[in-house]
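This report walks through one protein chain. It starts with the overall build, then turns to helix packing and selected loop residues.

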Amino acid sequence: MTGEIITLFEPPPIAQAVPITVATPAGWPAPPTASAFHGLPGQVVEKIAPHTEADPLAILAQLLVACGALIGRGAHFQVEATLHHPNEFVVLVGDSAKARKGSSFDHVARLLSQADPAFPSRLTTGLSSGEGLIWAVRDPQGPDPGALDKRLLVVEPEFASVLKSTGRELSTLSPTLRSAWDGRPLALLTRTAPARATSAHISIIGHITQTELRRHTTTVEIANGFLNRFLFAAVRRVKLLPEGGDPDPLKGSGLARYLQRVLKHAQTAGQLTLDPDARELWWHLYPQLTQPGDGLVGHLTARAEAHTIRLALLYALLDGHKKIQSEHLNAALALWDYAARSATWALGQATGDPVAEHIHAALARSPAGLTRTQIRDLCQRNLPADRVEQALATLAAAGRAHRHRTLTGGRPAEHWTAHATPPR
């Protein structure tokens, strides 16, 4: 066999090579309407999409959030006394590595770096504490000049670590991020030399798997409004490109120069308002968007109107307009609807109980199921029996696990299995 070459697959000639489409997984959220790809963002996605395995939705969502980060606080939409600036938080939810979440951001980062040379300096990662975030955008104090540029885009490829941090006792991360999304002043009162950040403009892109999201999401972070400040976007690998695509699909398109002009104009756009047609549409949409939903998903989608108007603001700014028009609202609504479906897909059956999610993940990895003893061992026997019982009861009530009892000569043996498809 030495020196023998075995050919398992004969690749097609380069001119005939076409992408291999990946089938949509069962239960996957229905895609948004084409209106979500309105304007300049849609043009960018259209150019990039044929040359990457990444989901076009991943490119679109990250592009919008990154552009909003660069625009800063020089543009806003006002609702009563509240100013909505173009800063947004988004979490891409998909299988680790296979979803190509990082690949999709690489294309966005290259474009933004070409459009605004300051972009790399306003990009960071590592959300571990509220103190660290505030320090990155702090005001000047004494000899400390502070942060000269208050725009910041945080890309967190391990968003599970953020959820873990927010769950720690005395953690300042969750309240700091909530205030950052709201555009309120940020402050640290626990330091010897307190740090403050006024007029900070913080945007966030997070990456996580569905399993991690369910496991580390608690009812506290759902109820206190932390998670409903995030848009969720289910993303996946949509095609296979064995040899990859064009590494620079936007080269020669002129889109970077055009985006540069658009961003510069948007940074001083001031207050945007609704044009007459958009105002009529907004009055029609508003009651639907403010309708409360049920259960955990209802809490996650409770800021529907705020997210929709921020997205519409972004679409309008990237069109170079001073007024939000109907097409901007329709684009925003299409993307919001997908975010709501993604939240339902990702967390619709979540319990909000980390112990229950930990047990369910183990059951899902064990098709034959686990005994009660194995489940106690899984929890390292450092949890009270009634806490494990509570977690199992929660899974059973949610329809995500089933208990089987086998009669023996003594106490019935107990065996647990995960439902492959939880009832909806």
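## Overall build

Helices here are DSSP runs of H or I with at least four residues, and strands are runs of E with at least two, numbered from the N terminus. On that basis the chain has 16 helices and 16 strands. The model is predicted.

The chain holds 424 residues, and 48% of them count as buried.

## Helices α12 and α13

Two packed helices are described by the angle between their axes and the distance between the axes. For helix α12 (residues 304–318) and helix α13 (residues 326–347), the angle is about 130 degrees and the axes are 8 Å apart. The crossing of α12 and α13 is right-handed.

Which residues of α12 meet α13? The α12 side supplies Ala304, His307, Thr308, Ile309, Leu311, Ala312, Tyr315 and Ala316. Facing them in α13 are His328, Leu329, Ala331, Ala332, Leu333, Leu335 and Trp336. By class, the contact of α12 with α13 has 12 nonpolar residues, 3 polar and no charged.

## Helices α1 and α9

Helix α1 (residues 39–48) and helix α9 (residues 255–266) also pack. Their axes come within 12 Å and cross at roughly 160 degrees. Angles over 145 degrees count as roughly antiparallel, so α1 and α9 are roughly antiparallel to each other. Their crossing is left-handed.

From α1, the contact uses Leu40, Gln43, Val44 and Lys47. From α9, it uses Leu255, Tyr258, Leu259 and Val262. The contact of α1 with α9 divides into 6 nonpolar, 1 polar and 1 charged residues.

## Helix α14

Is helix α14 (residues 354–364) largely enclosed or largely open? It is largely enclosed by the rest of the structure, because 8 of its 11 residues are buried.

The buried residues in α14 are Val355, Ala356, Glu357, Ile359, His360, Ala361, Ala362 and Leu363. Glu357 and His360 are among them.

## Arg229

Arg229 sits in the loop between α8 (219–223) and β10 (230–234). Is Arg229 buried or exposed? The cut-off for buried is under 20% relative accessible area. Arg229 has 8%, so it is buried.

Its contacts, leaving out residues up to four places away in sequence, are Glu88, Phe89, Arg178, Trp181, Asp182, Asn224, Arg303 and His307.

Thr172 lies in the loop between α5 (159–166) and α6 (173–182). Its relative accessible area is 22%, so Thr172 is partly exposed.

Where does the chain come back to Thr172? At Gly130, which is 42 residues away in sequence, the C-alpha to C-alpha separation is 4.9 Å. A polar atom of the Thr172 side chain lies 3.2 Å from the backbone nitrogen of Gly130. Beyond its neighbours within four places in sequence, Thr172 is in contact with Ser129, Gly130 and Glu131.

Pro185 is in the loop between α6 and β7 (186–187). Along the chain, Pro185 and Arg196 are 11 residues apart. Their C-alpha atoms are separated by 7.3 Å.

Pro185 touches Arg196, Ala197 and Thr198, with residues up to four places away in sequence not counted.

Most residues other than glycine have a negative phi. What is the phi of Glu80? It is near 55 degrees, a positive value in a residue other than glycine. Glu80 belongs to the loop between β2 (75–79) and β3 (82–84). With a relative accessible area of 74%, Glu80 is exposed.

Ser199 is not a glycine, yet has a positive phi of about 60 degrees. Ser199 is found in the loop between β8 (196–197) and β9 (201–208). At 45% relative accessibility, Ser199 counts as partly exposed.

Conventions. Residues numbered from 1 in each chain as written. Predicted model: local features only at pLDDT ≥ 70, side-chain atom pairs only at ≥ 80, totals over all residues. Heavy atoms only, no water. Buried < 20%, exposed > 50% of the residue type's maximum accessible area, 1.4 Å probe, protein only. Contact = heavy atoms within 4.5 Å. Axes fitted to C-alpha atoms, helices over the stretch in contact; angles between N-to-C directions. Parallel < 35°, antiparallel > 145°, perpendicular 65-115°, else oblique. Left-handed = near helix turned anticlockwise from the far one by under 90°. Nonpolar A, V, L, I, M, F, W, Y, C, P; charged D, E, K, R; others polar. Polar contact = N/O pair within 3.5 Å; in protein donor to acceptor, adjacent residues only side chain to side chain.
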